[in-house]
Amino acid sequence: MAAVTTTTSTTLRPVRRRRFPFGRAAAWTVMGLIVLITLLPFYWILRTALSTNAGLNADPTNPLPVDLTTSGFERALGMQSAEEAVAQGGAGGGLDFWRYLLNSVLVSTLITGCQLFFSAMAAYAFSRLRWRGRDAVFGLFLAGMMVPTIFTLLPNFVLIKQLHLVDTLLGIALPTMFMAPFAVFFLRQFFMNIPREVEEAALLDGAGKVKIFFRVVLPMASTPIVTLGVLTYITSWNDYFWPLMVSYSDSSRVLTVALAIFRAQTPATGVDWSGLMAATLIAALPMLVLFACFARRIVSSIGFTGIK
Amino acid sequence: MTIASSSPPSRLPAGGAAEARSKPRTRRTEGGERRGDGRLAAVFIAPALLGFLVFLLWPTLRGIYLSFTRFNLLTPAEWVGLDNYVRMVNDPIFWDSLTVTVEYVVINIGVQTVAALAIAVLLQRLTQSAMLRGIVLTPYLMSNVVAGLVWLWILDTQLGIGNEIISALGADRIPFLADETWAIPTIALINVWRHVGYTALLLFAGLQAIPNDMYEAARVDGASEWRMFWRITMPLLRPVLAVVLIMTVIGSFQVFDTVAVTTAGGPANATNVLQYYIYGSAFGRFQFGYASAMSVALLIVLSAITILQYRLTRAGRTDLG
């Protein structure tokens, strides 16, 4: 349309500039709206967690915390007596969030550490070692990516039960501890790109294949390994369905499950929103911090993780 | 491990490697090395293979087996043939939950794909800011449980800020999660909030692969942004879009967490999605055989959709280059 107003292509650019800002402004407005919808709930968690339940009832639309208090956090962390908690609008039953936090850390660390290491070993075998049947086994692993997780959950539960690992942290970690088809696939891609010469030089220096794996391949692939590690950590931290199946008591309860129980405990009428949002924040904060540390790296490699 | 470290070429000077390879004696040691590779590979692959066989392949086969049995965890599984499948076909709740799941998937994927595409294009055409991409991704860091609880609070009928705004605008408060017609769309949109950033970044990565000079050339020809979107972006993004669509649909069918914390299947089974029904059958009523049969049904539905989508969108082919 702009071309209609001008006849020569040399004047086309300035015209385009004059016309553009409307579209650009509209686009930025939409972008701003998206950012707002994305971030506002996070602020609302914080604002609610720092309010009292009585205050929330009296003044639901106040953009600032009503009657600024840390009582919600105290309740979530079990630092309030039962009577005090009930008086504040919470449930009397205690939930030990410190413990669930520790459980979540243990499970996620165990899964991430082991899965990364074993997957890296497998990826090394698939990319840098020559052996019979390699492609067939790798094909099998790839096919494993197609099986939806729901399908293996019930049989895996039966297995974990038969191993007497129900209600243990190991039981939660075990199914994903040894490998994830995707992790193997992802790391193999990077290992394949390491130049042959590097490996040959190390061989000439007298290093064995094992040493090459630890001293050459792993350090060279540290960036993708860290990225994959953070994503694995986030995924295992946020998992709910499997831990819900496997854990019954405090000894193996992780944050996501505890949070759902905290919600179920609060009375249907007069929910303890302040305590609930404080607990939500406790569950979410570690991942936000982790992300803040690695954001740039993760953001720029998401494309790779999704589509080869 | 000692086998691998005993590889002899270590004594050779760097330049002599290629020369040495031609000598028959070295060739034999190379053969030995390859056998060494085999044993080393076995050691390296062992943990992952164990995990794969025990927690992926075996459960898959066992799940299919269990679907033909009556099994309550306490007594051994009893073979009942097709009983579970017959029951499933005649179970109105199963069909209801399948319908509800499909309704969820259609809303979730429909809104999410359009929104993700819009965000991805905005990110590409407006700015390449990594910070903006980071912000868009933040909800993805939350668990579904957290996302569910936050929106449960925001949309609360009495005190939620969402309903406060609606009533301030003069409209009636909406019982988003307590109403049969609103519940599924609401849950679908909550999950859009959580996942749209991740999907957008996947599409953004696809957009990055489109050469910028195509846009430059189009602009010189006087094409508008809108026209460029339909004539350049969409055709070239199609293969990536197809893969992302397949991935998100499969993920979407497995909705569970959000339902579990917000509505628990209610009101009146309105949000009793398939996974929730499967979970209830297994752990609420201890019908593991029946639950397995429904899992097999879900697996078949997902496989069919994947194949169909792959065919329809010609995902394998690219128009680039």
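Reader: Why are H8(A) and H13(B) called roughly parallel to each other?

Author: In this predicted model, H8(A) and helix H13 (residues 274-284) of chain B pack at an angle of about 10°. Angles under 35 degrees count as roughly parallel, and H8(A) and H13(B) are therefore placed in that class. Their axes lie 12 Å apart.

Reader: Which residues of H8(A) and H13(B) meet?

Author: From H8(A) come A:Ile150, A:Leu154 and A:Phe157, which meet B:Gln275, B:Ile278, B:Ala282 and B:Phe283 of H13(B). An α-helix has 3.6 residues a turn, so residues three or four places apart point the same way.

Reader: How do you know that the span of helix H8 of chain A agrees with what it should be?

Author: Helix H8 covers residues 149-162 of chain A, and at 1.5 Å a residue its 14 residues should span 20 Å. The C-alpha atoms at its ends are 20 Å apart, so the two values agree. Just after H8(A), A:His164 adopts a positive phi of about 55°.

Reader: What makes H8(A) mostly covered?

Author: Eleven of the 14 residues of H8(A) are buried, the criterion being a relative accessible area under 20%.

Reader: Why is B:Asn272 called buried?

Author: The relative accessible area of B:Asn272 is 8%. Buried means under 20%, so B:Asn272 qualifies. B:Asn272 sits in the loop between helix H12 (257-262) and H13 of chain B. Not counting residues up to four places away in sequence, B:Asn272 touches B:Ile93, B:Ser97, B:Val100, B:Gly265 and B:Tyr277.

Reader: Why does B:Thr157 count as partly exposed?

Author: B:Thr157 has 26% relative accessibility. Buried would require under 20% and exposed over 50%; B:Thr157 therefore counts as partly exposed. B:Thr157 belongs to the loop between helix H7 (144-154) and helix H8 (161-168) of chain B. Leaving aside neighbours within four places in sequence, B:Thr157 is in contact with B:Asn163, B:Arg173 and B:Pro175. B:Phe176 is 19 residues from B:Thr157 in sequence, yet their C-alpha atoms are 7.6 Å apart.

Reader: Which residues touch the most other members of the largest nonpolar core?

Author: They are A:Phe97 and A:Phe191, in a core of 203 residues. Helix H16 (residues 273-306) of chain A gives the most to this core, with 15 residues.

Key
Residues numbered from 1 in each chain as written. Chains lettered and ligands numbered in written order. Predicted model: local features only at pLDDT ≥ 70, side-chain atom pairs only at ≥ 80, totals over all residues. Heavy atoms only, no water. Helix = DSSP H or I, 4+ residues; strand = E, 2+ residues; numbered from the N terminus. Expected span 1.5 Å × (residues − 1). Buried < 20%, exposed > 50% of the residue type's maximum accessible area, 1.4 Å probe, protein only. Core = buried A, V, L, I, M, F, W, Y, C linked by side-chain atoms within 4.5 Å. Axes fitted to C-alpha atoms, helices over the stretch in contact; angles between N-to-C directions. Parallel < 35°, antiparallel > 145°, perpendicular 65-115°, else oblique. Contact = heavy atoms within 4.5 Å.
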